[in-house]
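Subject: Structure for your review

Dear colleague,

Please find the sequence and structure below for your study. I would be grateful if you would look at them first and then read the notes that follow.

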2 protein chains.
Amino acid sequence: MALRDERVTLAHGGGGTAMRDLIEEVFTAVFEPPGMEDAAQLSAAALAEPGARLAFTTDGFVVTPLEFPGGDIGKLAVCGTVNDLAVSGARPLWLSAAFVIEEGTEIALLRRIVATMAREAEAAGVRIVTGDTKVVGRGACDTVFVTTAGVGVVPPGREMGAARVRPGDVALVNGVLGDHGATILAARGDLALSTALESDCAALGHLMEAVLAAAPGARAARDLTRGGLASALNEIAAAAGCGIEISEEALPLRAEVSGMCEILGLDPLYLANEGRLVVFVPGDEAEAALSAMRARPEGQGACIIGAAVAAHPGQVRMRTAFGGARIVDMLVGEQLPRIC
Amino acid sequence: MALRDERVTLAHGGGGTAMRDLIEEVFTAVFEPPGMEDAAQLSAAALAEPGARLAFTTDGFVVTPLEFPGGDIGKLAVCGTVNDLAVSGARPLWLSAAFVIEEGTEIALLRRIVATMAREAEAAGVRIVTGDTKVVGRGACDTVFVTTAGVGVVPPGREMGAARVRPGDVALVNGVLGDHGATILAARGDLALSTALESDCAALGHLMEAVLAAAPGARAARDLTRGGLASALNEIAAAAGCGIEISEEALPLRAEVSGMCEILGLDPLYLANEGRLVVFVPGDEAEAALSAMRARPEGQGACIIGAAVAAHPGQVRMRTAFGGARIVDMLVGEQLPRIC
């Protein structure tokens, strides 16, 4: 135990022995095989397959509070990047993790975040193979920010993308919407809301593989993070050049989340999720995709919410419970800052 | 021009149209091919070569000030990650870039940083293929932090690593030491130092390829960032289990940097560099490596500074100008925070 400090000091960012102790004890002892060089060197038979492509993505995480019911910033940082890879059709393989840490941050908090990351990475079947830490003075950042990048492999012949969606394709989500956003909102405390909600944060790589095995013609998927379902559907409609119609009655919403949205004037269609995705599959593969989702714990609440249509290209419309229809626009501004 | 704002607002981080406008106009318009999905999909013949390995690394950047003589945070973010890949023996190919931006940051500043990144990436022969932006409220971060991750390819049969250094190997650096650290120190302004110094910040991928072509037996390289030459040599000595001897008289130092160090009680051996590396090559390849370095602009000031020795394993010693010897330890604490 070289590390006796309880809190991070500027010396832990200075490139010397204090930094080495922090990195070795708190980070690499949990993440990395011993003796690894700065740049991880990795070989994968999957990458050498003719026609395989490498997928590469990154996401920064600045959520507040850092720990909340159902997860913490570390869980978000692993799941968020795994999900970005998964919805692109890639099998997630490796992650990097870079931390910006405020002077004075409790070492015990860092250890909890790192432990979560290691656990989530293992569950998702990815390895955290390289990382970095920077320390900034008090007040120069808000405790801890984490940025992950991810590398995965898209198997030969697998082509997914929003532009491939066409009229008749069916849209499915894997569970109730908005739990993450509502949980963060309640966890901030300033609304004096007391709920039993937990974040939906989950890695969706295994779910996507199951969907793709059952529905090999799947056209496109999106994880429903900032901007929620509404933003994801609008992006897909714009890229595909077709319309999307969803049914209000089909949307899976927890009564508690709908209630909170009603009180606060929020729209659950825009609430952030961290373990939810929408996937578009050809109509004749929809039932198979639905069954494959429901067979997995992170897809138990899966359902069909609508379809792509030839009408109103680029626009998302919702048939309301009263039989009317309304346009579901993209979010314009900011519903809730620092949700992830 | 959808983006009329002069400063970043929280709405620019919210997942809606304001965020899309910021990302499209300021970031992807400069970085990415149009129509790219969230996760970049890349194919490289180099990755499919039998025996090739993928190299993967990440680094966060929190330098202050954000702009300084010879560079800015964007230049650091590209060169730093390119250099991590290069010193591992990899050919850098692709970068990701994730930004955490404080509410109120000038859009013009972001545009300058992004322009620098695009320019440096092109010069280094890498592509910035994926990214992310997060916006936090005033006071929750210090203007802009950038985290890059990098993917490269290690050609079949190329094996580099600090543990491979053995007695008799010769150590070379590619130019004068400490310009970056001294420049940042002066740029902070609170020392009322006026200098003509510029950061040494540079991408070293092409230099490393030239060294490896001239000295194919090269054992290990390290970029001399936080903790400077002293920390890099100590890491190598520890990993290799041999001693390292350097000569004070051989160390390339600018008079201005030595002078500033003397006034401030700093040791140039620990000053940060962002365009300098040390490489260990077998003795009979040292002259070839030196010539290869000097033939490139970023290696014009290259010189031999010492060698690995069988004596005092794990320890770095310096023969002083007066004929004595002193131990060069690893830096213990913090010489200068937020240097990169």
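At what angle do helix 1 and helix 4 of chain B pack, and how far apart are their axes? In this predicted model, helix 1 (residues 17–31) and helix 4 (residues 107–124) of chain B pack at an angle of about 20°, and their axes are 9 Å apart. Angles under 35 degrees count as roughly parallel, which makes helix 1 of chain B roughly parallel to helix 4 of chain B. Their crossing is right-handed. On the side of helix 1 of chain B, the contact is made by B:L22, B:E25, B:V26, B:F27, B:V30 and B:F31. Helix 4 of chain B contributes B:I107, B:L110, B:R111, B:V114, B:M117 and B:A118. Sorted by class, the residues of this contact are 10 nonpolar, no polar and two charged.

Two packed helices are described by the angle between their axes and the distance between the axes. For helix 3 (residues 73–87) and helix 4 (residues 107–124) of chain A, the axes come within 7 Å and cross at roughly 30°. Helix 3 of chain A and helix 4 of chain A are therefore roughly parallel to each other. Helix 3 of chain A passes helix 4 of chain A in a right-handed crossing. Helix 3 of chain A makes this contact through A:I73, A:G74, A:K75, A:A77, A:V78, A:C79 and A:V82. The residues from helix 4 of chain A are A:I113, A:T116, A:M117, A:E120, A:A121 and A:A124. By class, the contact has nine nonpolar, two polar and two charged residues.

The next point concerns the two chains together. Two copies of a chain are related by a rotation about an axis and a shift along it. Here, chain B is superposed on chain A by a rotation of 180° with 0.0 Å of shift along the axis, at an RMSD of 0.0 Å. The two copies are thus related as by a two-fold rotation axis. The same surface serves both copies, since 100% of the contact residues of chain B recur in chain A.

Over all chains, the structure holds four aromatic pairs. In one of them, the rings of A:F145 and B:F145 have their centres 6.3 Å apart and their planes at 50°, so the pair is tilted. This pair crosses between chains, from strand 7 (residues 144–154) of chain A to strand 7 (residues 144–154) of chain B.

Finally, some backbone features deserve attention. Most residues other than glycine have a negative phi, and most peptide bonds are trans. The peptide bond from A:T64 to A:P65, however, is cis, with omega near 0°. A:P65 is found in the loop between strand 2 (53–61) and strand 3 (67–68) of chain A. In chain B, a cis peptide bond joins B:T64 and B:P65, with omega about 0°. B:P65 has its place in the loop between strand 2 (53–61) and strand 3 (67–68) of chain B. A:H312, a residue other than glycine, has a positive phi, near 30°. A:H312 is found in the loop between strand 12 (303–309) and strand 13 (316–319) of chain A.

With kind regards

Notes:
Residues are numbered from 1 along each chain as its sequence is written. Chains are lettered from A and ligands numbered from 1 in the order in which they are written. This is a predicted model: local features need pLDDT of at least 70, side-chain atom pairs count only at pLDDT 80 or more; totals for chains, interfaces and linings use all residues. Side-chain values use heavy atoms; hydrogens and water are left out. Copies are superposed by least squares on the C-alpha atoms of residues with pLDDT of at least 70 in both. Contact means heavy atoms within 4.5 Å. Axes are lines fitted to C-alpha atoms, for helices over the stretch in contact, and angles run from 0 to 180 degrees between N-to-C directions. Helices (H or I, at least four residues) and strands (E, at least two) are DSSP runs, numbered from the N terminus. Angles under 35 degrees count as roughly parallel, over 145 as roughly antiparallel, 65 to 115 as roughly perpendicular and the rest as oblique. A crossing is left-handed if the near helix is turned anticlockwise from the far one by less than a right angle, and right-handed if clockwise. Ala, Val, Leu, Ile, Met, Phe, Trp, Tyr, Cys and Pro count as nonpolar, Asp, Glu, Lys and Arg as charged, and the others, Gly among them, as polar. Rings of Phe, Tyr and Trp (its six-membered ring) pair if their centres lie within 6.5 Å; planes under 30 degrees apart count as stacked, over 60 as edge-to-face and the rest as tilted.
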